[in-house]
Amino acid sequence: MSSAGSSREKHLLTACILSVKGAYVDLPLPSHVLQMFVTNLRNRPLSTTNIDSIRESFLSLYHNLITGSKEYPSIQYYGFFHSRELSTPFPHIPLERRENRAPCPLTAGPSGLMVPPARSGSSLQTVLTPNLPEKADLTALKTDRRNCVCNLELDGRAVTRVISPVYRSENIELKNRWRLTDYNADGHTLMSVFCRFHKDSTQCLKTQNKRGKRKAAEEESTSSTLTPPKKLPRL
């Protein structure tokens, strides 16, 4: 398992959902608006295409959050999708000035996971994910049953997307945390990000947990009522 966790490029994605298509029309939503935080794990800035492509998995991740299913079905919706950059270590350079500008130290070296300096003072705790190398054997990724591997077509090119769980330790999986990694046909990484829904978008999960606990308590109470009391032995 590889570890990651530090202050990085971050975006807030917002999906305004007017209706859900197909078999998942009854998927419980707290409102028409779902929001997700996305953290870039690599030393290359996310492109507009990278960010927009997350829409393809937005409701798949939400479905996992609500149901716990590891299937990550493709769920399409009618609505709007936009992003807002919250922070970035990459300098914003106007296009006309990029040609003669020295590369940013983060992008000067080979592409890969970004490891900020220890003095960065990040409040994010170190977490674990299945090993997802910069250059991967896509067949090997599919053999790790913790990964969900799906094929997408983005901007006319084939992309393999790997959705992986995130762990606090080797055996403790974190809720509302995922790693999304995209590879091209040759197995080279196109994008690798952490995803987490905003707390306001997880209200349905809390409601379902309360209902589940209440139902379990009612069933336990009914069972206790129906069970005849044991006779005490005579002295």
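The legends below describe close-up views of a predicted model.

Local features in this predicted model need pLDDT of at least 70 and side-chain atom pairs count only at pLDDT 80 or more, whereas totals for chains, interfaces and linings use all residues. Residues are numbered from 1 along each chain as its sequence is written, and side-chain values use heavy atoms, with hydrogens and water left out.

**View 1. The protein chain has five helices and nine strands.** Helices (H or I, at least four residues) and strands (E, at least two) are DSSP runs, numbered from the N terminus. Of the 235 residues of the chain, 39% count as buried, where buried means under 20% relative accessible area, exposed over 50% and partly exposed in between (1.4 Å probe, protein chains only).

**View 2. The largest nonpolar core holds 31 residues, of which Leu59, Leu61, Tyr62 and Trp178 touch the most other members.** A nonpolar core is a set of buried Ala, Val, Leu, Ile, Met, Phe, Trp, Tyr and Cys residues joined through side-chain atoms within 4.5 Å. The elements that give two or more residues to this core include strand 2 (10-20), helix 2 (55-67) and helix 5 (203-226), and the largest share, six residues, comes from helix 2. Leaving aside residues up to four places away in sequence, leucine 59 touches Ile17, Val20, Leu27, Leu34, Ile75 and Tyr77, a contact being heavy atoms within 4.5 Å.

**View 3. Four aromatic pairs are found in a search of the whole structure.** The rings of phenylalanine 58 and phenylalanine 81 have their centres 5.8 Å apart and their planes at 85°, so this pair is edge-to-face; phenylalanine 58 lies in helix 2 and phenylalanine 81 in strand 4, 23 residues apart. Rings of Phe, Tyr and Trp (its six-membered ring) pair if their centres lie within 6.5 Å, and planes under 30 degrees apart count as stacked, over 60 as edge-to-face and the rest as tilted. Phenylalanine 58 is buried, with a relative accessible area of 0%, and phenylalanine 81 also counts as buried, at 16%. Tyrosine 62 and phenylalanine 197 form an edge-to-face pair, because their ring centres are 5.7 Å apart and their planes at 80°.
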